[in-house]
Amino acid sequence: MERSAKRDVVVTLIVSAILIAVMPMLIGTYTLTVLVIYGMLGLSLGLIWGFGGILCFGQAAFFGLGAYVYAIAAVNIGESTLPMILAVLLPGAFAAVLGAVMFYGRLTDVYLGVITLVVTLILFKFINSTAGPQYVIGDARLGGFNGIPGFQTLNVPGDSGAYIWGDAYFYVCAVALVIVFLLVTWLLRSSFGRIAIGIRENETRMALIGYDVAARKTVLFAIGAAIAGLAGALFANWAEIVTPNLFSLGQSAEIIIWCIVGGLGTRLGPIVGAAGLAYLKFLLGQQSMIDNTLIMGLVLVIFVLFLPRGLVPAVGSLWHASVGRTARRRPANRRMRRARHG
Amino acid sequence: MSLKRREFLGAGAALTTAALLPSAAFAADTIKLGSILDTSGIFDAYGKPMDQATRLAIAEINANGGLLGREVEIIDYDTQSDMALYSQYAQKLTRQDRVDVVHGGILSASREAIRQTMRKTDTLYFYNVQYEGGVCDRNIFVTGVTPTQQVEVLVPYAMKKSGPKVYILAADYNYGQITARWIQKFVEDNGGEVVATDFFPLDVSDFGSTITKIQQVSPDLVVAPLVGGAHLSFFRQWAAAGMNTKIPLASTTMGVGNEHKVLTSAEGDGIMVAYNYSQELDTPENKAFKEKWKAAYGDTNGIHELAVSTYQGIMLWAEGVKKAGTVDRDPVIEALETGVSIVGPAGNIAIDPQTHHATLDVHIMEVEDQKMKVVETLNQVAPVDTQAVCNLQENPDDNTQYEIEI
Amino acid sequence: MDISFVILVEMLYAIASLVLISAGLAVVFGMMKVINLAHGEFMMMGGYATITAVGLGVNVFIAMLIVAPLVVGLIGLVVERLVIRHLYGRLVDTMLATWGLSLVFIGLATMIFGNTTTGISTPIPGFTVGAYQINGYNFFIIVMAVVLVIALYAVLKGTRAGLIARGTMQRSDMAAALGYSPDRIYMATFFFGSALSGLAGAILAPLVGLVPTSGGAYIAKAFITVIAGGPSLIAGLVSSATSFGLVNQIFTFAVSPVIGEVALLIAAVILLRAMPQGITSRFFKGKL
């Protein structure tokens, strides 16, 4: 176990180092940065949904919250280090409260989906109606539909004049993603992670064994939200503006699509799904033959029908089959998504 | 407004070929004009004709030998009515494509999203839309009407026709918020009273309860700076409740996206507006412009205030470039600050050196049978609101949007 | 006096429109345990069907009440045969697949109709109550919602088809053993549910402008209303539409339309936290 963990870390580092070196030659770093950020956002939902069995329809809420917290704090503080930290902590704390309300209320499945969806809608509607001059936090005007432009972007910690942007910013985001990925790996290998998977597979059994299921789900939910918050703050720095659209249902929908296409129950799947689909959308956006919403929709339908386990697991089992080794038995990822009522 | 994508592409292709014909005569390097508009999404009624106007203007410039012997090339992005895309594409235009000038932005939200990027990267920026006024920034030129050119004219006219009690319904973002305050100021200046102001997010499309509330207050006049496709339902529901014959309606935005052509004449008749342009203007320049538009796009249905504003903005920039003899930012700004003027489809329009806004004609109009009938014309009105707070000649480093205080 | 009547009409209208918006989704969810996230787009297509038919010279009421439900019902039928039937019993998968479908329909509508606001005028004139003007169309919507609920009840309770449908809903294996093919019943149900969505979209189209993305405005509300309603089809639909409609209008009149919407959403969170299985899991138990 220990040795395979070490090997995992080494492989991850080598592969990501190669990718970080090679990718900028293929795609411009400006586009690449946002792919990396979306990868992190995908990973955040992949963690709580794929490993915790919590289907959150409102992951965009934490993403948007992270972005807004960063923007508001950056306007008030003017130096980016503390805003970055707040952008991770506040969405995490918000999710902890929300999660506690939901999980101690024994909400599952669709009902969980509705609550997360509704919370996202409330945030969207609230932020969208704060255009008036009375909505101010410190020096930051919330701006409603306008969003908040022109805040301090990421700087070298301690030196608010030394902006990190362009290529350098890409490397910062890529390294951040690698670190988050390694942390998630570590978390899933820990007993906490294995118990989370146990809860996903059979909640009642884990509760009877004596684990506090609600508490563990809440913690996992908060961790996922904190990662989404970090992704949001990075996005705010990239876009140099935050708008209520970050909270939109469309954004939440996309995150779910990334996870499905990439593969649930894997760490890599959501990242690959997010970066791949976001790049596809970018390419589609440059042509006007076919509406790109249509293509995204078709991709989702086709994956649900024909490749419900997603890209990464499918490629994985293909690899194992063709190399001739006996495919390692993977947990049946889709089992937790079966209807439990009715 | 029912321009199909295919027809649009066809028209675009025709224009491109037309523009390419004399290209052999041009110098090797082109002048790059960045265009950034919502040509899809809920603001496309504004953006599509603005995009068409941009192409028309550039095709015309190129057909007349380009600028300084160089061909002008358009680099355009569709921001899909999403404010976040503005800042992304603005960064692309300035950092990647390195354009010589940017024309675009529709909502005030979009302008504020990209204005600082333009300023930081020293890219000359034209905002060709009527707006709430007050932007004071040497890097930007604004060719649309501002509140003193529009609200100050419209409000007394509408109040004279109705009465002193005014109800305001405004879009909930910077344009609506600030315009509502201007309306309040001019209502009070004319001895009236604002009885209530309601703000609506841009996606609200159910105004039933609002219409009931308005009746409870029973004002003499409703002024509605509402924006976008969803808000169009207000005018429908207002008419469906039979209110259009009871309380007069004035608007600072109705019609800039040709809304009066989407509404039936029963729904739209009698709404009072004030703009720089109307298709019904009887001038040789307007006739010629409509002919050119028809030749390029088949009919003149798309032409509206903002399209003409965009066309005039590009022509003013072209004059500036000719006068400066270069496309570099500072000489062009200096050339424009000499008070460059052109005669466009909406009459004479001149740059005001002090504010980088425009002095232009304003027409008070009433909607009648899906047309805008001109009631009264005021010649060459200056942007007094912005002049009161902004002097770029004395203070060229200013970079604020001044807001009216009440 | 007049004002209280006007406000009463507005309240009834809010409830009625929630019932209309949610009916199609409720039928499909209640009978098949399938959440059709393309429901909003079905409504959007109902709107476009109406506008297109009116443009072709069809009487506006025929277009709304007959053409739109038929067209959307048939689209629903195709969708059920091609996609949904492969996913029965997999709740989350059907949600995702229908979500994908909703994007497909938005894309198609954008390519066909363009991404521009269109609409038709309301076919019923406004009228006067004392000093107030009321949108006459609001009454039409209230009447339609009432008729719809009664018809739904009558069909389910009074006809043989309704009996079979209810039987399948409770125990599909037993219904199958008695010789009724669940496959065909589900197909018919989905057709019927889609037709209801199309009808709702058609009826609401004259009030609000239509864009290909209009469906998004409805789906969240419908989804919340249906889930909060709980297991009973009609009782759940009516009870949750009534509670949310009241909350929405009270706050709309007291504060503003935006606060009204937010109040509705907050009410949904509280309601689901208190009754995680929906209103009818506690009240009106066993009712239809």
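**Exercise 1. Find the residue in strand 14 of chain B that is the bridge partner of B:Ile351, then work out the strands around this pair.**

Step 1. Look across from B:Ile351 into strand 14 of chain B, and you land on B:Ala358. Helices (H or I, at least four residues) and strands (E, at least two) are DSSP runs, numbered from the N terminus.

Step 2. Now take the whole pairing: strand 13 (residues 347-352) of chain B meets strand 14 (residues 357-368) of chain B over four antiparallel bridges. Two strands pair if DSSP finds at least two bridges between them.

Step 3. Check the turn. This hairpin has four residues between its strands, and B:His356 has a positive phi near 65°.

Step 4. Go to the other neighbour. Strand 12 (residues 341-344) of chain B also pairs with strand 13 of chain B, antiparallel and over four bridges. Here B:Val343 has B:Asn348 as its bridge partner, and two residues sit between the strands of the hairpin.

A quick word on the model: it is predicted, so to speak of a local feature takes pLDDT of at least 70 and side-chain atom pairs count only at pLDDT 80 or more, while totals for chains, interfaces and linings use all residues. Residues are numbered from 1 along each chain as its sequence is written, with chains lettered from A and ligands numbered from 1 in the order in which they are written.

**Exercise 2. Work out the strand order of the open five-stranded sheet in chain B, and see what packs on it.**

Step 1. Reading across, the order is 2-1-3-4-6, with parallel pairing. The edges are strand 2 (72-78) and strand 6 (140-142) of chain B, each pairing on one side only. On average, neighbouring strands are turned by 20° against each other, direction ignored.

Step 2. Zoom in on one pair: strand 3 (residues 101-104) and strand 4 (residues 124-127) of chain B run parallel and share three bridges. B:Val101 stands opposite B:Leu124.

Step 3. Helix 4 (residues 108-120) of chain B lies across strand 1 (31-37), strand 3, strand 4 and strand 6 of chain B, at about 160° to strand 4 of chain B. Axes are lines fitted to C-alpha atoms, for helices over the stretch in contact, and angles run from 0 to 180 degrees between N-to-C directions. Residues are in contact if their C-beta atoms, placed from the backbone, lie within 7 Å.

**Exercise 3. Describe how helix 5 and helix 6 of chain C pack.**

Step 1. Start with the geometry: helix 5 (residues 136-158) and helix 6 (residues 160-170) of chain C pack at about 80°, with axes 5 Å apart. That makes the two helices of chain C roughly perpendicular (65 to 115 degrees; under 35 is roughly parallel, over 145 roughly antiparallel and the rest oblique).

Step 2. List the residues. From helix 5 of chain C come C:Val155, C:Leu156, C:Lys157 and C:Gly158, meeting C:Ala161, C:Gly162, C:Ala165 and C:Arg166 of helix 6 of chain C.

Step 3. Sort them by class: four nonpolar, two polar and two charged. Ala, Val, Leu, Ile, Met, Phe, Trp, Tyr, Cys and Pro count as nonpolar, Asp, Glu, Lys and Arg as charged, and the others, Gly among them, as polar.

Terms used
Contact = placed C-beta atoms within 7 Å.
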